[in-house]
Structure formats: structure tokens, C-alpha cells
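Hi there,

Here is the model I promised to pass along. Please have a look at it first, and then read my notes below.

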Amino acid sequence: MSINQDERSIANELIDVFSKKETIKRYFQSDIDWLNDRLSIWKNNYIRVGLVGVTSSGKSTLLNAILGEDILPTAVRPSSGTLITCSKGPKVEARVHFENGKSKLLSEKNLKEELQKYGDENFNKNNNLKVKIIDVTSPYFLFPETVQIIDSPGLDAHGLERHEQITMELLLPTVDFCMYVVTLKANSDSVTHTILHTIYEHQKPLIIVQNMLDSVEAKVGKNGVLIKSRYEVAAEHKLRVERVLKLVHEDLPKIVDVVQLSAKHAVDGRRKQNKQMLHQSQIPQLIQLMEKRVIELMPKLYIERTTQIYHHLTSIQDKEEMILSDMNAQEQMAKEQQSELDQFKKDQVKTNLKVAESKRILNKKIINLETATNNAINRIKSLSRRDLSACKQILDQVKQETKTIESDFIISMRSLNNVVKQLLDSLNLQTKDYENDLAPTVVSSNAQHFSVKRKIKKESYQVKKSGIGGKIGRFFGKVLDNDWGYTTKDDEYEVLDVEAISRNLKDYQEKFTGHMEGYISQWEGRAESFLFRAREEIQRRTDSFTQKSNNLLEKQEIVEILFLLKGFIIRLEEGSQKAKKTTFTQRQKQQERKQSLEKIAISEEIFGLYQLGHYLLSLPSKKCWDEVQKRNEQKCGKHTRTLIWGWDSTALIQFAQRHAGIQFIDKEEKQLESSGLILSGKNKEIILVNEGKLHPEIINGLKELTKSGHYNLYMLLNLIQIGAAEKALKNSILLTMNHITKLPVNFVVQSFTELKNADRVEEGIHTLYEKLNEWDIFKKGEVLINDKNPIYSMICLELSEEKTILVDAQEVLLKVKQNYQHLLAAPYEEEYIRAFVRALIDAKRGVLK
């Protein structure tokens with residue numbers, strides 16, 4: 001069943017019936033116009049697939065793989081600040097549509113650079129070029145011609161979460177289907193749950209794509225013994241997302257497919273025309289699945305469209321049968337039809353008023369926010385400069401005000417969308433028919449996430465010198481008005497930076513106001529577009545009534561038309577029933593291809609050599625750990641415990657195994673995942689914390705525990721999704737533990753494999769050191785890289801010993817080759833190390849440690 005063949009052929013046949021005689025054509029002219037409008041709409045409609053995902057999950061890389069061209073911007077930081085659509089077309093080209101209604105065609109030559117200019121946040125800052133949407137086409141597009149993908153901005157960027165949720169609320173009504181892209185490892189269950197729940201509320205079919213399959217590592221235990229293969233680890237990640245699906249609704253795991261793939265390998269495979277690489281990327285599974293889902297959607301589209309025709313025909317049938325039964329009933333029917341039209345007009349006016357009232361209420365709340373912000377600034381200025389807690393409470397109140405406005409906007413938007421839809425339904429119009437022209441515009445959001453700004457204040461005080469010398473000095477100092485006999489010491493403490501807080505808060509309020517006004521205007525424009533369609537249809541019906549009153553048909557002509565219409569109505573009923581059976585047949589998830597591992601017997605001697613090799617490879621990682629422990633002791637004294645803090649249980653355990661040499665049993669791993677806390681080591685001196693899993697009752701106990709003893713602290717953050725990492729850090733309960741944050745906090749790159757596999761090593765390291773300069777908590781600490789190759793951590797520690805970096809990358813590489821040739825054996829490892837060293841030296845050059 002074609003997406004548009006059947007309904008279009010029925011519409012064309014009806015036009016022929018209504019046009020067979022001139023008198024009949026004049027009588028049914030408005031019905032012919034209505035059918036021609038439907039044909040025009042259905043001809044240009046796609047099945048629209050909304051591509052949503054967490055920032056840096058590889059959405060753009062996946063789109064490049066589907067397009068068959070490496071043309072869309074990809075980056076560690078959020079890059080897609082503009083909505084981009086992708087579909088099949090005769091040429092590789094893009095058309096940029098601007099907010100002023102103008103457009104610009106970009107040809108294949110230098111297309112990637114041109115797209116960066118318009119669609120990359122790093123080049124088109126805050127959408128200064130006023131781009132509304134970019135349409136990209138390619139003849140190599142892997143999905144069917146009837147599919148159009150809409151790439152939305154990445155979600156979960158720090159400080160932008162609610163704005164992007166609003167973008168989703170504007171986007172989801174315009175799509176038929178969703179693909180949600182996440183990485184296999186680095187993602188938050190709570191963020192995934194929020195996104196999936198929003199998609200479920202909008203009742204959109206869904207495929208989940210777990211990207212970066214190439215970055216999954218096997219789980220290795222003591223002495224290098226393989227505990228779980230890469231395939232088994234990947235299967236656990238799939239179970240994890242299916243558990244989140246079940247939390248949204250218990251039936252979702254049965255009907256939502258989860259595809260694991262490597263978008264990077266798919267891009268490389270298509271570029272190199274390497275069938276084996278393309279097959280290993282598992283992109284063919286996604287293509288096959290999408291084709292199947294498109295076929296499943298067709299009966300639904302057929303039902304929606306033919307139902308419109310059916311209602312239109314039955315309305316004609318009812319009116320003409322009334323005239324046929326009583327040729328004098330024209331006056332009564334005129335009254336009834338006029339009454340119906342009057343009611344439609346009242347409903348349309350009522351809907352207009354509801355939209356206007358909702359806008360007025362939201363705008364009033366935005367105005368009130370300005371007053372609340374000014375009051376908050378005045379209250380902060382009146383505080384004691386050391387009252388950080390009271391300042392935080394005031395800021396939290398302002399944050400809550402903004403969240404309330406955003407939530408109220410979402411609630412109002414959903415409610416009024418339903419009101420508008422009901423109005424269009426009553427007029428036999430579908431909102432979906434007009435969605436193609438209403439893709440949401442991304443409202444740029446560069447407002448900073450405001451927080452308590454602190455600065456260090458120093459106070460000097462005098463302490464008496466001990467001994468007889470001190471007493472004598474104080475005696476003569478008193479006589480001669482001097483400070484003899486005293487030692488001057490400095491005390492440092494944190495105070496409020498009131499000027500910075502006031503400035504940031506006011507800046508946030510102004511930008512928030514601009515963003516919300518943009519969203520309200522966009523939503524109002526969307527509602528007005530639908531209401532315009534409603535007014536058009538009411539006017540068409542009014543004109544139709546006048547036209548038919550002035551061009552009455554003969555009785556025989558009415559009988560003939562009714563006979564033909566009856567045949568169409570029967571065909572539509574039968575077609576609809578058949579399509580419903582297809583639609584409601586229980587769909588089974590695509591069967592998974594299970595990877596089989598072949599077991600090979602090896603001798604004890606070979607296994608012994610393997611264990612020895614694994615042991616020797618683990619020594620440099622342990623040496624890096626010992627070196628950091630020693631450096632931190634030199635800075636702040638001997639520590640009694642080590643705290644390893646993060647948001648991913650697998651990464652935490654992996655880091656502790658590699659660097660601290662600790663082995664965990666299954667019970668401990670399950671405890672970390674369930675409660676968020678385990679104590680390990682011979683004397684329970686190492687504490688692992690997964691903050692995302694911490695039970696509320698454990699948090700207070702953890703705070704008390706960390707008050708006893710002196711700690712060395714490591715924090716693991718996900719560099720591939722820097723926005724999510726920044727959000728996690730800013731909201732971390734660790735920042736409330738002042739006794740901990742005064743100690744050296746060592747930054748650990750949670751997983752380096754994703755950066756290597758995505759060819760983003762240099763960009764990732766530059767981003768890391770930019771953020772380290774912003775994040776005061778890591779100023780005293782060291783940097784380690786959680787990778788199976790210890791060379792990256794070794795280089796970090798080696799170069800950090802100098803106050804400034806003045807060495808050449810080639811010098812470092814030569815030293816690595818001379819002393820650690822065995823660490824360069826893996827494919828492309830030397831290239832990754834070269835990129836790493838080059839970026840590290842460039843990022844740290846001239847920067848004081």
C-alpha cells in the first residue's frame with residue numbers, strides 16, 4: 001500500500017464524478033476545491049522522523065552515515081544549534097531558510113564548510129544569522145524517499161535543559177516517529193527517562209539507537225581474566241535502557257526496538273566503500289528496521305486521510321438525502337447549516353480568546369520575574385558577605401520562578417494544542433496536514449546557569465611568639481609601638497561576590513525573558529496558523545452553502561450522485577477496516593542477532609604469559625595512582641582515605657581496578673549500582689560513590705563519614721558529553737561538603753575510548769582544559785585518563801610537573817617511542833597519542849600550574 005496512492009486515487013476519482021456535467025461541477029465546486037487541497041497536501045507530505053538525543057551522543061555522525069556524506073557538523077560541544085532536515089533528493093545540496101522568509105541554496109562544493117557557517121553554534125553564535133531551518137538532500141540517503149529526518153538540538157546541555165524540553169514540546173507534534181540516540185555508556189538514566197516519558201506522552205512510535213558500540217570494552221578481572229565479552233557488556237547496556245523504558249510504561253520494552261551501532265564506523269564504511277566495516281557498524285539493522293516501521297505507519301496514514309474523505313462524503317450524503325426526501329426542505333436545511341456555521345465561528349473566536357488569555361498570563365509572569373529578580377538582588381546585597389547559605393536560598397527561589405514559568409508554558413501549550421485540534425477535528429481538518437510548514441525554530445539560549453559566586457578574602461592577624469624571646473620582644477614592642485614579639489598570619493575564607501552574582505542574575509533574567517518571549521511568539525504563530533485554516537474552512541463552507549443554494553440540481557442528478565457516493569463510502573469503510581486490522585496486529589520486535597563466541601583451548605604456558613603481560617601493563621597505571629597520591633600528600637598532608645566519585649558505576653569500578661589495583665566481587669558491583677556507595681580496600685580506605693544512585697538516607701551518613709579523616713579525592717566526569725558533565729558537577733552534593741572541596745580534587749576523564757574512536761581527541765583535550773580553568777574545584781588536583789592504555793595519564797603527570805609547558809610535541813613522542821614502545825602496539829594508538837600530546841601542550845602552553 002503506497003503512502004499516498006490509494007487516498008489520492010480516490011480523491012481524483014471523486015473529482016471526476018463531481019466534474020462529469022457542468023451543472024454538477026458548478027454545484028460541487030467547493031467540494032472539488034477541498035479535494036484538490038487534500039491532494040496538494042498529501043503530495044508534499046513525508047513521514048517525518050524526529051531525531052532527538054543527548055548532546056554529543058553522535059546524532060550528526062549518524063545523520064552523516066545515513067546521508068552517505070560527511071557534511072553535517074560534529075563536535076564534542078553542542079554544535080547543532082539549528083533544526084536540520086534530511087531526505088533523499090537528486091543532488092547533494094542544502095537549502096537554508098531564514099526567519100525573514102528568504103532562502104539560500106548551498107551546492108555540493110564546500111557544503112560542509114557552508115553548513116558549519118549556518119548550522120554550527122561555534123560559527124553561528126546564538127543564531128545571529130537568523131536561520132530558521134536547513135533542508136539537506138542526498139541521492140545516497142539510506143532511508144526511503146518518503147522519509148524526512150528532523151535533527152533537533154542536543155538535549156541536556158548544562159543550563160539549557162528546560163529550553164530544550166520546550167523545543168521538544170514544539171517538535172514532537174510535528175513528527176510521526178522518533179529516533180532517540182544515546183551512547184551505550186555515557187548517559188544518565190534520569191535524563192533518558194525524562195526524554196522517553198515526553199515522547200511517550202505524545203504517543204509517538206520510537207526506535208532507540210545506542211551509539212558508539214565501537215567504544216564498548218570487555219570486562220577484565222584479576223590477572224587479565226575475561227569476565228564478560230564486549231558483546232555481553234553491550235547486552236547489559238541494552239537491558240539498562242529497557243529497564244528505563246519499563247519505568248515509563250511496562251509495555252514499552254515489548255514494542256520499542258533498541259539498536260546498537262557505531263555511527264563512526266558506518267561513516268567510514270560508506271566513505272571507503274568497505275562492506276565489512278559497514279556490516280560491523282550494524283547500520284544495516286537500523287535501515288531494515290526503519291523500512292519496516294515506515295510500512296507499519298502507512299495503514300495509519302491511509303486511515304487518517306481516507307477518514308477525512310469519508311466524513312466529507314457522508315456530510316454531502318446527509319444533506320442531499322434530506323433535499324431528495326423533501327424538495328421543500330431547503331429553507332429548514334439552510335437554517336440548520338447557518339446555525340452550524342455560526343457555532344463554528346463562535347468556537348473559533350472562543351479558541352482565539354483562550355490563546356490570547358494564555359499569552360497574557362504568561363507575559364505577566366515574565367514581567368513579575370523581573371520584579372522578583374530585582375528584589376532578590378537587593379536582598380543579596382543586604383546579606384552578610386559570609387552568608388553563602390542564605391544567598392543560595394534566594395537564588396534557588398529565582399530558579400524556581402523560572403521553572404514555574406517554563407512548566408506553565410508547557411502545560412498551557414499542551415492544553416491549547418488540544419483545544420485547537422478539537423476545533424480542526426470538528427471541521428474535518430487534521431493538524432498533521434499543516435505541520436510541514438510549522439517546524440519549530442530553535443530559540444538560541446546562551447544564558448548562563450547562575451550560582452553563588454564566591455571570592456577569597458584574606459585577613460591578617462597576629463599570634464604571640466613563644467618563649468622568653470617573644471616576651472622580651474612584646475615588652476619592647478609595646479614601649480616603642482612596634483609588633484615585636486608577634487608573628488603575622490593570614491586567614492583565608494570565602495565571601496559572596498555580590499557584584500558578580502547581581503550581574504549574572506540580571507543577565508540571566510533578561511535572556512530568559514527574551515527566550516520565553518521567543519517561544520511564546522512561536523507557539524502563538526503556530527496556533528494562529530491552525531486558526532487561519534479553521535477560518536478558511538468556515539469561509540469555504542459558507543461560500544459552498546451560497547453556491548449550492550444558487551445552483552440547485554435536478555432530482556435525477558441528485559439520485560445519480562448519491563448512488564455513486566454510496567459506492568465510494570462503502571469502499572472507504574472496507575479499506576479502513578482492512579487497514580485497521582493491519583495497524584492493530586500485534587507487532588513483534590525485530591529479532592536480535594546474537595553474537596556467538598567461539599572458545600579456544602590454550603596451554604597453561606600461554607595463559608601464564610598473557611597474565612604476566614597484563615600484570616606488566618597494569619604497573620604504569622598503579623604508578624600513576626601512587627604519584628598522584630604522593631603529590632596530594634605533599635600539598636595537604638597525609639590522607640587516611642580515598643574517595644572516588646562519579647555518576648557511572650562501570651567507569652568507577654574500571655578506574656579503581658586499573659589504577660588502585662582493587663578487585664570487586666559481583667555483590668559489591670551490584671551494591672554500587674543499587675545504593676550508590678561501597679567501601680573497599682583492606683581497611684575500607686577506598687570509598688566509591690555513584691551520586692546518581694545514592695539513596696537519600698545514605699547522603700547524610702556519607703557527609704558525616706567524610707568529616708572523619710583526611711581524604712584524597714578523584715572525580716570522574718564524562719568528557720564526550722561535556723554539557724551533561726557540567727550539569728552533574730554544578731548540581732553535585734559534593735560541592736556542599738566544604739571540608740572536602742578544600743582538598744585537592746583530581747579530575748579523571750571518565751572514558752577516553754569515545755574520544756579516540758570519534759577522532760575528537762584534540763578537541764576533547766582543549767575543551768577539558770578550558771573547563772578546568774573555569775572549575776575552581778580542580779585547581780589543586782591532577783588529571784588522569786581512565787583508559788586501558790596508561791600512557792595518557794603518564795604524559796599528563798609528566799607535563800604537569802613543569803610550571804609552564806615549553807616542550808615540543810615531537811620531543812614527547814620521541815621519548816614515548818624510546819621508553820614505551822609496547823604501549824604503541826594497538827592500531828592507530830600512535831596517532832591518538834600524537835593528537836593527545838599536541839592538544840595537551842597547546843592547551844597548557846604558558847598556563848601556570
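This is a predicted model: local features need pLDDT of at least 70, side-chain atom pairs count only at pLDDT 80 or more; totals for chains, interfaces and linings use all residues.

**Around helix 20**

Glycine 676 comes after helix 20 and has a positive phi, near 85 degrees.

Residues are numbered from 1 along each chain as its sequence is written, and side-chain values use heavy atoms, with hydrogens and water left out.

Back to helix 20: its buried residues are Glu668, Glu669, Leu672 and Ser675. They span an arc of only 160 degrees around the axis, so they sit on the same side of helix 20. The arc is taken from the directions that run from the helix axis to the C-beta atoms. Asp666, Lys667 and Lys670 are exposed on the other side of helix 20. Buried means under 20% relative accessible area, exposed means over 50%, and partly exposed is in between (1.4 Å probe, protein chains only). The cover over the buried residues of helix 20 includes strand 9, helix 19 (649-660), strand 15 (677-680), strand 16 (686-690) and helix 21 (696-707).

**Salt bridges**

How many salt bridges does a search of the whole structure find? The search finds 45, each being a side-chain nitrogen of Lys or Arg within 4 Å of a carboxyl oxygen of Asp or Glu.

One of them joins the side chains of glutamate 669 and lysine 219, at 2.3 Å from N to O. Glutamate 669 belongs to helix 20 (residues 666-675) and lysine 219 to strand 9 (residues 219-220), so this pair ties together parts that are 450 residues apart in sequence. Glutamate 669 and lysine 219 are both buried.

Lysine 228 and glutamate 236 also meet through their side chains in a salt bridge (2.2 Å, N to O). Here lysine 228 is partly exposed, at 24% relative accessible area, and glutamate 236 is partly exposed too, at 36%.

Glutamate 537 and arginine 540 are both buried. Elsewhere, salt bridges with shared partners link Glu627, Lys630, Arg631, Lys635 and Glu782 into one network.

**Nonpolar cores**

A nonpolar core is a set of buried Ala, Val, Leu, Ile, Met, Phe, Trp, Tyr and Cys residues joined through side-chain atoms within 4.5 Å. The largest one has 80 residues, and Ile644, Trp645, Leu688, Phe778, Ile795 and Phe836 have the most contacts inside it. Helix 28 gives the largest share of this core, nine residues. A second, separate core of 46 residues includes Leu67, Phe98, Ile134 and Ala266.

Leucine 840 lies in helix 28 (residues 829-844) and is buried, with a relative accessible area of 1%. Leaving aside neighbours within four places in sequence, leucine 840 is in contact (heavy atoms within 4.5 Å) with Ile765, Tyr769, Ile795, Cys796 and Leu799.

Helix 14 (residues 388-426) has 39 residues and reaches 57 Å from first C-alpha to last. That is close to the 57 Å expected at 1.5 Å a residue, where the expected span is 1.5 Å times one less than the number of residues.

Best wishes

Methods. Helices (H or I, at least four residues) and strands (E, at least two) are DSSP runs, numbered from the N terminus.
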